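Hi,

Here is the structure I promised to pass on. Have a look at it first, and my notes on what turned up follow below.

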Amino acid sequence: MTEQMLDGAQTNLLERPRPLTIGISTRALFDLEEEHRVFEEQGVEAYSKLQRERENALLAKGTAFDVVERLLALNPSGSTSLVEVILLSRNSPDLSLRAFNSVKEYGLRIERGSFTSGRPVAPFVGAWNIDLFLSNDEGDVQTAARAGTAAAKLGSPPEERLQIPEDEVRFALDGDAVVFDAESDRIFAEQGLEAFFEHETKNAQVPLNRGPFGNFLHKLANLRAQVARGDGTSRVRIAIVTARNAPAHARVVYTLRAWGTPADEAHFVGRNEKAPILRALGAHIFFDDQQKHVLGASGVVPAGLVPGPHDPHKPIIPA
């Protein structure tokens, strides 16, 4: 190989974008609630015994299974990956066998992971260059979020699972304190609704700062562009579902335009509940920083609570 060819190969390697990397706990990917109850009520020895007895038993699908399966399906055949999923588990290495056995049985392309025998997994989020961390453990989620990674605590899966369209994955994200920072929230909390609308109208074309999911949105938008269909439509659909309404909606649109991260849908719901909107758009996962919206949505869509700068139960920016 000539020196010129080597230089070209190195340039292509440097320009190749890093895959969108999802870190996920085994309890978020699979349904391990029965096993977790045994661990909490009977201890680690009984838990380990149960897991070994069920080593070859297929685990049921957990809250984030569908979105992970759909993301991995976007990868082209061959060695190049656009999406990579890393298992991050407090299980012991000995007990990792059941997780990887189930991964293989479901045909998921998950090959890497960290198993810490009870230690927190949050320190490994940065080590793996995770873009999005999903877990049922509040402590790990908060630690990862404080370190600057998009992270969310998942609850129980909804009873219904969306099966169509099979070649699409649909993300729904709240705006303020999730995609965007909490500056506008603070103005509302400190000065009231009238001051909030006045500020947002005056600064409509001033881009908002990135929130905890701002960088993740950028990565998701890159993936969206890479896997667009031939007619330009999205296989990765991005929806912003926010309590903002007019005239505060305009700043959202101008911000997404300035960031170069177009959304396929935006829903400015005001005081309305978000769950019916999420059901109508067919979201496969939803992220919000308010417990109220996460609990309301969890009956129709897998939902994750994003650690926020305020009381998650206190309403923010009512219309």
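Strand β7 (residues 236–242) and β8 run parallel and are joined by four bridges; helices (H or I, at least four residues) and strands (E, at least two) are DSSP runs, numbered from the N terminus. In this pair, Ala 239 has Glu 265 of β8 as its bridge partner.

Before going on, a note on the source: this is a predicted model, where local features need pLDDT of at least 70 and side-chain atom pairs count only at pLDDT 80 or more, while totals for chains, interfaces and linings use all residues. Residues are numbered from 1 along each chain as its sequence is written, and side-chain values use heavy atoms, with hydrogens and water left out.

Now the whole sheet. It is open and has ten strands, in the order β3-β2-β1-β4-β5-β10-β9-β6-β7-β8, with mixed pairing (two strands pair if DSSP finds at least two bridges between them). β3 (112–115) and β8 (265–268) are at the edges with a single partner strand each, so one side of each has no neighbour in the sheet. From one strand to the next, the twist averages 25 degrees; axes here are lines fitted to C-alpha atoms, for helices over the stretch in contact, and angles run from 0 to 180 degrees between N-to-C directions.

α8 packs on it, touching β4 (132–135) and β5, and its direction makes about 165 degrees with that of β5 (contact means heavy atoms within 4.5 Å). Helix α11 (residues 214–226) lies across β1 (20–24), β2, β4, β5, β6 (169–173) and β7, and runs at about 145 degrees to β7.

There is also a helix pair to look at. Helix α9 (residues 183–191) and helix α10 (residues 193–202) have axes that come within 7 Å and cross at roughly 145 degrees. The crossing of α9 and α10 is right-handed (left-handed if the near helix is turned anticlockwise from the far one by less than a right angle, right-handed if clockwise). From α9, Glu 183, Ser 184, Ile 187, Phe 188 and Gln 191 meet Leu 193, Ala 195, Phe 196, His 199 and Glu 200 of α10. That contact has five nonpolar, three polar and two charged residues; Ala, Val, Leu, Ile, Met, Phe, Trp, Tyr, Cys and Pro count as nonpolar, Asp, Glu, Lys and Arg as charged, and the others, Gly among them, as polar.

The largest pocket holds about 480 Å³ of space. It is lined by 22 residues, and Arg 27, His 36, Tyr 47, Arg 90 and Asn 91 are the closest to its centre. (On a 1 Å grid over the protein atoms alone, a pocket is an open set of points where a 1.4 Å probe fits, with protein on both sides within 12 Å along at least five of seven lines; lining residues have an atom within 4 Å of a point. Grid points are joined across faces, edges and corners, and a volume is the space filled by probe spheres set on the points.) α4 gives the largest share of this lining, three residues, and by class the lining has seven nonpolar, eleven polar and four charged residues.

The second largest pocket has about 300 Å³ of space. Of its 16 lining residues, Glu 138, Lys 153, Gln 291, Val 294 and Leu 305 are the closest to the centre. α8 (138–146), β5 (150–154), α14 (291–297) and β10 (303–305) each supply at least two residues of that lining.

Last, some backbone details. The peptide bond from Ala 246 to Pro 247 is cis, with omega near 5 degrees, and Pro 247 is in the loop between β7 and α12 (249–259). Ser 117, in the loop between β3 and α7 (123–127), is not a glycine but has a positive phi of about 50 degrees.

Cheers
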